[in-house]
Amino acid sequence: MNFKNFETQAIRTQNEHSQYNEHSTALHLTSSFVFDDAEQMRALFADEQEGNIYSRYSNPNTTELIDKICLLEGAEAGWATATGMAAVFTSLAALLKQGDHVLACRSIFGSTHTVLTKLLPKWGITHSYVDANDTQNWKNAVTPNTKILFIETPTNPGIDILDLEWLGNFAQQHQLLLLVDNCFATPYLQQPIKYGAHLVIHSATKYIDGQGRVLGGLIAGKKELITDIKAFARHSGPALSPFNAWILSKSLETLAVRMDRHSENALKLAQWLEQHPEVEWVKYPFLPSHPQYQIAKKQMKAGGGMVSFNVKGGLEKGRQFLNQLQMISMSANLGDTRSIATHPASTTHSKLTEQERLETGILPGLIRVSVGLEHINDIIADIEQALR
Ligand SMILES: *Cc1c(COP(=O)(O)O)cnc(C)c1O
């Protein structure tokens, strides 16, 4: 059956029952599969017939997860990887060759920054960063070798919003591939393919799992790009484990209700922080004070679970605040049921130079909160006592 609504697709996209008629999808922990005869084995290896050969290539649990993310993102095809970074690296490495150039928004996940600045240059692939919210900057930065636009929106940790409609048109005009890391929004809040993105990338570790249990990555988009990514990944080996695929597929069943509550809690926290005297500023996509509020309203269903704010008093105050938290976890993850606070300047973005951090908007007093699913009163109470 074909279901049109997101929630139903997320729940009812499921492998066929096994002989046991289980209601919840069976878990297929197997490294390889057996063939009926030599002819079937030949046909599968020759790609003349669909089927599973070896779990580095495909596995029923991974296939179910891929089918589901494709439906939810509105994508033609997809692929799954062991981590979000494997999804980022595999996409870039599979689609780029020596001499190619990547344009990326300046505010970007720390490890993606390292891939662009340290790893890809080893194979002669260059990049430039763009201060994303002035469209003239994108126009100025395109070179004849530019092949890919790589962006995040909302960005990590700055919570900037980039205009997907504008970028989709821009990519088309210049015949560039638009890759969007959709990790913060998830397909429930935003579907970049609708605006012309060619590939959407996820760290499934974050909201897709949503419970801080497993690592995973997903890629969804144009069929011909996924064909190249598949060819690269099957032989370079960043496969997602079937167990993690099983977890992640089940996690997607509750994505809609979780994202609604994450967004509701985050908006309430952002509004509360905005009137607090110890807080210099707050960034949340659905606060009218957000510089790209109108764009956020246009392309997102709700603001998501991430809030950034700057405490008065800089580095020292930022660290003191974290040390005073009693319930909210200090952890490197995000998108969990448990609220998490981080201090990007001394953790995720500590590998950047001071100058790079300032250019990316990572001020010394910046605190990033992944607002969880605890009662909002308890989240606010913990932050209130820590600010005091
Ligand atoms: C965490 C994260 C990644 C990397 O994902 P892993 O699963 O940790 O490898 C990539 N992009 C963004 C925006 C992230 O938050």
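I began with the second largest pocket and counted 29 residues in its lining, with Met85, Phe109, Ser111, Ser203 and Lys206 nearest its centre. I noted that this is a predicted model.

Next I looked up which elements line the second largest pocket. Those giving two or more residues are α4 (84-95), α5 (110-119) and β6 (199-203). With five residues, α5 contributes the most.

I then checked the volume and found that the second largest pocket holds about 440 Å³ of space. By class, I sorted its lining into 13 polar, eleven nonpolar and five charged residues.

Which domains supply the lining of the second largest pocket? I found at least three residues from each of domain 1 (6-254) and domain 2 (256-387).

I turned to the largest pocket. I recorded about 980 Å³ of space for the largest pocket. Its lining is made up of 34 residues, and I listed Glu50, Ser58, Trp79, Lys230 and Arg234 as those nearest the centre. I traced the elements that give two or more residues to this lining, and they are α3 (60-73), β1 (77-81) and α9 (223-236).

Which element has the largest share of the lining of the largest pocket? I found that α9 does, with seven residues.

Last, I went through the residue classes for the largest pocket. I have its lining down as eight charged, twelve polar and 14 nonpolar residues.

Definitions and conventions
Residues are numbered from 1 along each chain as its sequence is written. This is a predicted model: local features need pLDDT of at least 70, side-chain atom pairs count only at pLDDT 80 or more; totals for chains, interfaces and linings use all residues. Side-chain values use heavy atoms; hydrogens and water are left out. On a 1 Å grid over the protein atoms alone, a cavity is a set of points where a 1.4 Å probe fits but cannot get out, and a pocket is an open set with protein on both sides within 12 Å along at least five of seven lines; lining residues have an atom within 4 Å of a point. Grid points are joined across faces, edges and corners, and a volume is the space filled by probe spheres set on the points. Helices (H or I, at least four residues) and strands (E, at least two) are DSSP runs, numbered from the N terminus. Ala, Val, Leu, Ile, Met, Phe, Trp, Tyr, Cys and Pro count as nonpolar, Asp, Glu, Lys and Arg as charged, and the others, Gly among them, as polar. Domain bounds come from an automatic or database domain assignment.
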